[in-house]
Every structure is written in structure tokens, then in C-alpha cells.
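Hello,

Here is the model I promised to pass on. My notes follow below it.

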Amino acid sequence: MALVVEMQDPKGGVKGSEQKLNVTSIPYVITGEHVLTWITNKMKSNTEEAQVMATMLVAYGYIYPIQNHKKLVMCNDGTLYRFQTDFGTFDTVDSVVAMMKLNIRKKGMLEAYEQAHYNHLNKWLNHKWDFIVMQATEQYKATKERKKADRVVLDCQERAYWVVNRPPVSGTDTFFHTALTHNIFYQQTIMRSRVKSSVSLGALVKYVTTYKNHDAFLAPCLPSNPWLTNNDNYWTLNTRRVETPTKMRVERWSFSLFELLTDLRGRDDFKIFLKKEFSGENLAFWEAAEELKWGTASSMSSKAETIFKTFLAPGAPRWINIDGRTMGMTVKGLEHPHRYVLEAAQTHVFMLMKKDTFFRYLKSPTYKDIQKKALSPEAQNFSPAQIEQNAQSCSPGIHPIILWQQEMEENAKAAAASAPVDVKAMMSKMDRKNKHILEFMHTRF
Amino acid sequence: MCDQTFMAATFGPCESCGKPSPLMNIYIKNEAINYCSFCVELMACQGLQSGESVASLKRECESLKKKLEEERGKLNDVELHQVADKIEVLGALAIKTRRVLKGHGNKVLCMDWCKDKRRLVSSSQDGKVIVWDGFTLSKENGISVPCTWVMACAYAPTGCAVACGGLDNKCSKAVAMHTNYVSGCTFTNSDNQILTSSGDGSCALWDVESGQLLQSFHGHTADVLSLDLAPSETGNTFVSGGCDKKANVWDMRSGQNIQSFESHVSDINCVKYYPSGDAFASASDDATCRFYDLRADREVAVYQKDSVIFGASTVDFSLSGRLLFAGYNDYTINVWDVLKGTRSSILFGHENRVSRVRVSPDGTALCSASWDHTLRIWA
């Protein structure tokens, strides 16, 4: 490291100059020839040793070639190089990887200052992502403000750094690493359970048979395929909040709980059934857990808190009935919420709904009712002339942004309407009122 | 429907560093341990110090590979075309071009449908990203991206946004930052997260709002060219395919590589899940498309013909999973019968390579994007 600092000394170091690379002028460029000459003189070594030394410097990333950044050798000619700027800019993960490799090469015998650095970096790793994100954001912002010349340089620097410091594909050290990771992976793969071909292939075939009539390429789309006839009745009959769905749509809800929940119109119907059974909290919890999983990173902890208060806390207004072990694990996990903290509980609830509630729904009056009401549109046959005419009057339909806004409004309304009555609060309110009356009566009489 | 085997990832304190995080359950010398992904890496590095030699690791690798093939073979009791014998043959398909979308000034590299079943977004080599209403043929929006070769574009689930990425290594106003080109991007179940695949050999999951990297997926040894999210109730896995001829299945929560398939003999250009989520198909430069069963853990069909000699660049399934649409570099789209393994139809029309095919969300149409500067909608 000290050597590198000396090399950069403007007075006694390697002669640098400005060079043109394509269209941009890059400052402080050195040629391979100059570097080697300087090392030979300084170290009083021969050309061969200087060559080795210089190549090491390039391999470790202290110096990097401007153009062919993958060729990490020092060439004794006019090939252009630059010094890597202070490693402070590339701290944390990049440094850790470098340190780990150094550790391995030296077989654990790091120098005192290196060991201190390693320990320091280890602590940083616990806050790994936050720091990297911060760094990356800062770097990106800074990059934008720099002049073009500097930006080209920085870009080269980063590329070179990555070429040197990211897990390389070849080389003995990395072979160990790759081989070991492969072996770990193979062992895991051998251990995992797999299914008999007859079973899994049978299931794939069953899927095709089930959905055959719903595939527009295999069976006619009723009333007509919009792309063929230029008439969009098919889409108007199947909108998100249509009052009466089509028979095909209702049939599809019966294929699986996944289908029922994915079609929001089906989910609405399922909710009607659940309300009648007073068992809406499972689905509500599942929806809340989905929102947590797919929400923004910043909303995580507030959502987790709300979910805990609403569904999991003892005496919660919409308490879900899950087994003790899952409940315990989930509550503990909520102390440090992350987006998958509810995974176990959500799976449990989903399986409950899938194996029990879903089938009761299919047998229920709610479902039978909607099946009866559902529409069976007649096939519309247009003549080629009519198809032409239809093309003229194609409507743009409702824009998805508007649909989404409507959906948000409806969700807000529904949430307000179904806000669970806090029974406990009400009871304690009534208690206080009663107590007050009794006291009043005592004083009176 | 089919009983899903749920991959329950464990969460809890890592047995090495003690930090609570998604854990990888791995076996070392037949002993099960639970480490977080960072400690697994550390351990892999430290393993070198325990005196393992190159030769011993190589030997172990070979024997493990053999054992894996044995295990896979034990359950291989029937072939797909045998099970498909009972299914009736497909009738003749009358698929024709119904719309031609003209407007791009250069090769169209990617397209994606909006959930409203009629709008779509496409990106091209001239840096333009266009949002179309496919039904009325109108261009609703045009965005200019400051880089050429916009290789990936995706429509957000709510229909309120689009994401794109390419040679500038970024995805959409720097949500995702890779060290090489972005080859594919897709939104997850919400507008808040994007999954990207890159030429730097990794895939990554990003939080859109903050640009934070949520999870990275390492395991490919070459450029990753394509990825697809599983359409399952758990929604926790995705498959990626790359230039290392491997197709890997990943767990989004832990970053772990769950399954890997290596049977193609050339770069895998595209991967797509079967609608049930239990299988997927891949398209490759070796002129074949292959079908993999995830539960049986093996390749179950190869779609190839002597007359098909050009590489396949893209695949997608029809709604029922019976048809596989594959776009090739010989300007055609072949329609394969997934179960019987035969070619059902060929679609002619494009005047240059087909770069992307996608079936619309309600299965009523197929859209294809091509280097001939146009998109076609078929039905």
C-alpha cells in the first residue's frame, strides 16, 4: 500500500499525463512502460521482478487498465492505466470480499492492522444492506453531478474494481469455493423430496383438461373473441365489479381457492359467504399478510404492528385461531418485523381455508345462488362487413388508472363499514356507565 | 387443484452468527444445519482451510451427481407422451394476425401485457418505450429512455406504471442497479417490487419506492437472460435461465437456489412457467424448447423438429397449458402441443426475428414482438 502511495507522488512518482480515450480526455493517466521503469528504479529490481510486482498491483486492483479492464496484467508498453482512488470509497462489502480472500490466502494469519480492519468490517456487515444502499445512492447522486470526464473515469474504476473483486469464475481459490458450494447444493437436492412422474404428469394433464373450455385458442369465447370480431362485449361482461358474472367465470371459481381469490369478483362472493358464517377474520388476515409481503419496505413495521393488534394479540378484535406453536413463532418474529414474518401463519390460515372453508363455500346457498343467476351469453356471429364496422367504433374502455382509483375507493369504504366493533371497549364503557348509575342511585337512596 | 408442496423457509436465529434471518437448511456431511446465507458463504470459504483438496472435492462432486441421477431415476415411472395418449388430438387451429402495431423505429425487443387484457407496453432498440391500446391500435404513451437496446419492459399490476431496463444497467430511473445489462424485469404481485435479471450473472429483487436491494440471487455462472415468477398461491419462487445453459428455480425469501436443470446444449433465452406453477418451459439457441416438471424434478419433454434449425428466443403457454407458443430466429412462431410433443401449427408473418411472445392475461390473444419493428396480435 505504501508503495502505491509513493507511486502517486507527483514529484518522485510515476509520470502521469492527460490522455484522450475515445472522445473524452482522461486526467492522470500512466503508461505500463512508465510504471515498470519506476518500479525497476525504485526497487532496484530487474525487469522480470518489476513485471511480476506490477502485475500483482493490477490483479489486486491498485492500478487498473483504462481500456481493456478485464486484462489484469501490466504491459511493458504504451497501454494506459490509472490508480485506484482511496479504498475508502469502496468500503464495506467490497472490502469484506477482498479481506476474506486475503484471509484465505494468508490462511488466517492477518497482520494486526488487517485483523482490526476485518473485525471492523464484520460489525459493519450486520448493517450491510442499509449501508450499501446509502453508499450506492450517494455514489449515484454524486456521479450525476460530476463532469463527464470524471464520470468516464469513475465508470472505468468501478468496472475494474468489480472485475478484480467480485467472485471470479476461474482460478484455484475460487474453484474450491465453487466446488464446495456445488457439493452443498447437490446434497440438498438429493435430500429434497420429489414425486413420482405418474403423479406429477397426471396433475399437469388434469390441469389442461380442467381449463380446456376456458382457453380461447381451444374453445370459442362467448359471446365472441374481441380480437376476432372487434366487439368488446366479452370484456364488458367480465369486468371487475359486474353485478352478474358469467357462468364460465363462476365455474372457474370452483377450480381452486387460488382461482377464487385471484378473481376479485370471486373474492367478493366468498366474503359474502364468510360474513354469513361469521368467519371473515381468516381471509382478512390473509389479505393483510399479502399486503405486508408485497408492500413498500418503509411500510413494513407499521403494517406489522396493525396486524398484530388486529389479529394476533390476546383479545384482539379479529383474533385468528391458529395453533399455539405457529402463534408463538409469529409473535416472536414480530419483535423484528420483516416482510416474511407472517409466512407461517399465513400458510396455516390459507390451508385451513383451502381444505375446509372453500369446500363448504362451494356447497353453500351463496355459491349455488350465484351459479343460478350467472349469465350464459349467446354466441354473436358477425359478418365480415359487420366486423369491419365494429372496428370503426372500438371504444377505448376505462383506463386502468381510473379502475385502480375506483378500487382504492371501494376498499376504503369496505374497511370503514366492516371495522370491527371493539367489544371490550364497548363493554367497559357500559360497565362504567352502569357503575355511575349505581353510585348515583346509592347516593340518592 | 393439485396439492402444492409448500417450501416452508425457516426463519430464526442463524446457528452461526445468531442474527434472525431467512435460513438455508443445508447438509454438511449428512448433518443438517441452519445458517443464514452470509454464514454459508463464510463457511464455504473457510472450508478451504480444513484441508480439503481439489481432488477430493471433485470426487465428491462426481459421486453426488451420480447419486442425484439415481434418486431422480427411481421415480421416473412414466413418460409424458404415454400419459398424454388418453387425451384427444387437437383440432386444426385457425390462428391469424388480427392487429399489426406499427410505430417503433427499430427492433422491438420486449413487450408485456397490462392486466386489463388490451393494453400493452413494448420497448425497442431505439430507446423508445410505447404503451399501446392493442384493441384500438392507438399509442397512449411514449417514453424515451436515454439508452439504446431497451431489452426488458414490464407493466405494473395496477396498470399505473411501467418499468424498463437495458444496456444502461439500470431498471427504471435507477430502481435497480446492476453491473451489467438488464436482460429481464418483472413486477411481483404489486407495484412495489421489481425482480430483475442481468448480464452480470445475478438476479435481484428491489423495492421500487426506495431503490433498496431486498434480495440478490447468485448461482448462474454466466449472463442471466430471462426470468419468470411462479403463478402459485404461495408466489414465493421464480425461475431464471441463462447463458450457462442452466435453468434455476429460486426462493425469493431466502435467495436460495432450490432446483437446477441443465439439459440444454446452448444458451437459454427464455423461461416461462406452466399456468399451474408446477412446471416450466425454456427456449434455447439449440433450436429446442424443453418442458420441466418441478415436482418430479426432471425434464419431461423436448420440442424439436429436424426442420427447425434456428434458435428459439421466447416461449409462452396458452391459458390451459395445452399450447406452447415459441418464437424463433427464422421469423416464425411454432405452436407446440405441450402434452403430445408435436407441432400443431406455424404462424408466419414477421419479417425478422421474433424477440418476444406473450399470451394476453385472459388468454384471448397472443402478441409477438419482432426485429421487423412491429408487433402482431394473433387470435
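How much helix and strand does the chain have over residues 347–379 of chain B, and how far apart are the end C-alpha atoms? The chain there is 0% helix and 52% strand, and the end C-alpha atoms are 11 Å apart. Helices (H or I, at least four residues) and strands (E, at least two) are DSSP runs, numbered from the N terminus.

First, the ground rules. This is a predicted model: local features need pLDDT of at least 70, side-chain atom pairs count only at pLDDT 80 or more, and totals for chains, interfaces and linings use all residues. Residues are numbered from 1 along each chain as its sequence is written, chains are lettered from A and ligands numbered from 1 in the order in which they are written, and side-chain values use heavy atoms, with hydrogens and water left out.

**Annotated regions**

For chain A, UniProt places "domain: RGS" (unreviewed entry) at residues 256–371. Here the chain is 72% helix and 0% strand. UniProt positions are given in the numbering used here, feature names are shortened, and annotations may be inferred rather than shown by experiment.

**A hairpin in chain B**

Strand 23 (residues 289–293) and strand 24 (residues 298–303) of chain B run antiparallel, joined by five bridges. Strands pair if DSSP finds at least two bridges between them. B:Phe291 has B:Ala301 as its bridge partner in strand 24. Four residues lie between the strands, and B:Asp297 takes a positive phi near 65°.

**The interface**

Chain B brings 122 residues to the contact and chain A brings 95 (heavy atoms within 4.5 Å). The buried area is about 9800 Å², and carbon and sulfur atoms give 66% of it. That is the accessible area (1.4 Å probe) that two parts lose on being put together, summed over both.

The rule finds four salt bridges across the interface. A salt bridge is a side-chain nitrogen of Lys or Arg within 4 Å of a carboxyl oxygen of Asp or Glu. B:Glu88 forms one with A:Lys212, the closest N and O atoms being 3.2 Å apart. On the chain B side, helix 2 (residues 54–74) gives the most, with 11 residues.

**Within chain A**

A:Glu287 and A:Lys271 also meet in a salt bridge (3.1 Å, N to O). A:Glu287 sits in helix 15 (residues 281–293) and A:Lys271 in helix 14 (residues 264–277).

Best wishes
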